[in-house]
Structure formats: structure tokens, C-alpha cells
Amino acid sequence: MTATRTARFSLPLTAALLLGACGGANVKPTLPAAPAKPVVAPASVPQVRIGLALGGGAAKGFAHIGVIKMLEANGIRPDVVSGTSAGSVVGALYASGMDAFQMQTKAFELDEASIRDVSLFSGGVVKGEKLQGYVNELVGQRKLEAMKRPLAVVATRLEDGQRTVFTRGNTGQAVRASSSIPGVFEPVKIGKATYVDGGVVSPVPVDAARELGAEFVIAVDISSKAGGKAPSSLFGNVNQSITIMGQKLGALELQRADAVIRPAVLDIGATDFEAKNRAILEGERAALAALPQIKAKLAKLQQARLSAAQAKARTQAAEAAAKARAECEARQGRLGRMLDRDACG
């Protein structure tokens with residue numbers, strides 16, 4: 001009897017205790033879940049945008065093909081191309097999608113007659129129409145803005161000597177203007193202005209490559225240097241004057257390049273098309289010699305960009321964590337923080 005009473009008494013008591021345990025004032029409240037801490041993902045950055053600035057130099061321009069061949073063979077593929085004079089010819093072919101071997105094949109097929117059209121009514125200078133048609137044919141009649149790589153062609157406005165960078169319009173016509181050596185080619189009329197060789201103001205168009213968005217510019221300098229003696233003909237005087245002026249301007253612009261390749265082609269004449277094979281080989285040799293420096297500089301630049309991106313990612317993650325903690329603490333209120341100091345991380 002006593003056991004029965006005890007059981008009857010204990011059951012309500014146990015229930016009351018259980019209910020009190022579930023709803024008593026001393027029970028720790030359920031706190032809002034703390035947000036997960038942001039995870040800093042490994043930063044990834046785009047590759048350095050490489051520009052190739054191809055200088056002028058008439059028949060010496062075949063050296064550009066050898067340079068491009070070696071750059072590509074070593075995994076360096078320029079994103080943008082700029083060209084002056086002979087450099088604009090090679091630059092147009094390369095920007096159109098040709099690789100170095102295709103350009104070399106076209107170079108071996110080229111003879112001077114296919115691009116030389118003498119005008120008897122303008123002092124025997126070259127008109128340049130053949131060159132314009134030849135370039136347009138090789139690039140598949142693509143306009144400058146339709147190239148597979150962004151291309152800038154540099155010419156000189158004859159009226160005021162202004163450097164002009166063509167990035168839109170007729171590719172062959174822009175190349176013709178860029179290649180119109182004063183006294184050798186007829187000036188080219190485009191719109192309301194007249195243009196001559198880009199080498200007069202920009203022998204190696206480093207700045208034009210920058211303007212296309214290049215972050216690392218490889219310049220190829222094949223420009224002639226003053227020979228140390230006075231010329232003996234009118235054409236020689238004109239050519240020497242342009243060479244001297246180009247040397248001064250070119251030296252300043254080349255300082256703004258990240259790497260300069262100088263093929264040993266200074267002894268190749270302006271019209272020596274028979275030396276094209278040697279010019280290509282010299283381009284290959286010069287590029288190979290410059291490759292260690294180019295690769296080292298590119299790797300250093302890429303690593304600097306990666307380190308900067310990682311530092312930025314860490315800063316953003318820390319800021320996000322601090323913001324999340326502040327929001328968590330605001331939701332908890334003072335009582336929640338007192339009861340569970342670690343709930344918000």
C-alpha cells in the first residue's frame with residue numbers, strides 16, 4: 001500500500017520535473033547558428049597580356065618571321081601585334097591567323113615584282129597599289145578590326161607629322177601607308193589626310209602595342225643605323241636623314257619596351273629580297289638569345305600579379321568574416337553573448 005502511494009506521488013513529481021527542465025528559466029536558450037567562416041580560395045589571375053611590336057626595315061623585315069617562330073616554339077604567343085612599315089606587313093599576316101611557318105612559306109614565294117609597281121609620272125617611285133592588293137589577298141580581305149589578333153598599323157600623317165595608329169579599315173591600305181618610305185613610295189591618301197612611312201615617327205611601335213592593351217611588350221628592332229659616313233646620292237641623303245631621325249625617336253620608344261630583340265640584319269639592304277632566308281635565321285637566333293630574359297621577366301610579373309591577387313583575397317575574406325561576426329552578434333543580443341561567447345566564432 002505504501003509502495004503504491006509512493007508510486008502515485010512520484011509520477012506527477014517526475015512529470016513536473018521533466019516539464020520544468022524543458023521550460024525552466026535556467027535553461028540555456030537556443031542561439032542562432034554562427035555563419036560559416038569564409039574560405040580563402042587560391043587566387044587565380046589571367047595570364048599577362050603580351051604585345052609584339054615589329055619595327056620597320058624594308059627587306060630586313062623577314063627577320064620578324066624568325067622571331068615569331070621561336071617565340072611560338074617556346075610557348076610565348078603574343079595577344080596583340082603592332083607594326084611599322086615592314087613590321088606592319090608581317091604583323092598583318094600574323095594577326096590574320098597565319099603561324100610563323102605559313103608566313104615563311106609566303107616569304108619564300110614572294111618576289112619583288114609582286115609588290116613593286118613603278119609610276120612613271122611621279123619620278124619613278126613605287127605606287128604601292130600592288131603591295132596593298134597583295135596584303136589584302138593574304139589576309140583574306142579581312143579588315144583591321146576583323147583580325148584574329150588585335151592589330152595596330154602605324155603611319156605618319158604628312159600634313160603635320162602626327163603619328164597615326166590604324167586599328168580599323170582596309171588592312172592593305174593601312175599597311176601601304178605605313179610602308180610608304182618618302183622618296184621611294186607615293187604618299188597614300190586616306191580620307192582627307194596623306195600618309196607616309198610610320199618609321200618617320202615610330203620606328204618600333206611599342207606605344208601602339210600598349211594602346212592595344214599589352215602589359216608586356218616584346219619589341220623587335222631591325223632599324224638601320226647611321227653608317228658613319230656621308231651618302232653620295234640624293235636618295236642616300238634622304239635615307240640617311242630618316243635613319244638618323246629614326247634612331248633618336250626609336251631609342252626613346254624602345255626604353256618603354258619590356259624586352260628588345262635585335263636580329264643581326266643591319267648589313268641586309270633595303271631591297272635585298274634574296275637575303276630573306278638569312279634574315280629569318282637571324283631572327284631565330286636573336287629570339288633564342290633573348291628567351292631566357294623574356295621568360296624570367298614574364299614569370300616574375302605573373303608571380304607578382306598572383307601574390308597581389310592572393311593578398312586581396314585574404315583581405316576580402318577577413319573583412320567578410322568580421323562583417324559576419326558583427327551580424328551574428330547583433331542577432332544574439334547581449335544575453336546570448338553572455339551565455340555563449342563562442343557562438344559567433
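Which residues of α6 are buried? I looked this up before anything else. They are Thr171, Gly172, Ala174, Val175, Arg176, Ala177 and Ser178. By "buried" I mean under 20% relative accessible area, with exposed over 50% and partly exposed in between (1.4 Å probe, protein chains only).

**Ground rules.** I am reading a predicted model, where local features need pLDDT of at least 70, side-chain atom pairs count only at pLDDT 80 or more, and totals for chains, interfaces and linings use all residues. Residues are numbered from 1 along each chain as its sequence is written, and side-chain values use heavy atoms, leaving out hydrogens and water.

**Whole chain.** I counted 9 helices and 8 strands in the protein chain. Helices (H or I, at least four residues) and strands (E, at least two) are DSSP runs, numbered from the N terminus. The chain has 345 residues, and 42% of them are buried. I then checked contacts, meaning heavy atoms within 4.5 Å. Among contacts with a separation of 6 or more, 74% join residues 24 or more positions apart.

**Back to α6.** This helix covers residues 171–178. It is largely enclosed by the rest of the structure, because 7 of its 8 residues are buried. At its start, a side-chain oxygen of Asn170 comes within 3.1 Å of the backbone nitrogen of Gly172.

**Aromatic pairs.** My rule pairs rings of Phe, Tyr and Trp (its six-membered ring) with centres within 6.5 Å; planes under 30 degrees apart are stacked, over 60 edge-to-face, the rest tilted. I found 2 pairs by this rule. Phe62 and Phe273 have ring centres 5.9 Å apart and planes at 80°, so they are edge-to-face. Phe62 sits in the loop between β1 (50–54) and α2 (63–73), and Phe273 in the loop between β8 (259–261) and α9. The two are 211 residues apart, so I note a link between distant parts of the chain. Phe62 is buried at 9% relative accessibility. Phe273 is buried too, at 15%.

Phe166 and Tyr195 also pair edge-to-face, at 5.2 Å centre to centre and 75° between the planes. Phe166 is in strand β4 (residues 163–166) and Tyr195 in strand β6 (residues 193–197), so the pair ties together parts 29 residues apart in sequence. Both residues, Phe166 and Tyr195, are buried.

**Last look.** I went to Ala308, in helix α9 (residues 276–339). Ala308 is partly exposed, with a relative accessible area of 47%. Its C-alpha atom is 9.6 Å from that of Val45, 263 residues away along the chain.

Note on methods: Polar contact = N/O pair within 3.5 Å; in protein donor to acceptor, adjacent residues only side chain to side chain.
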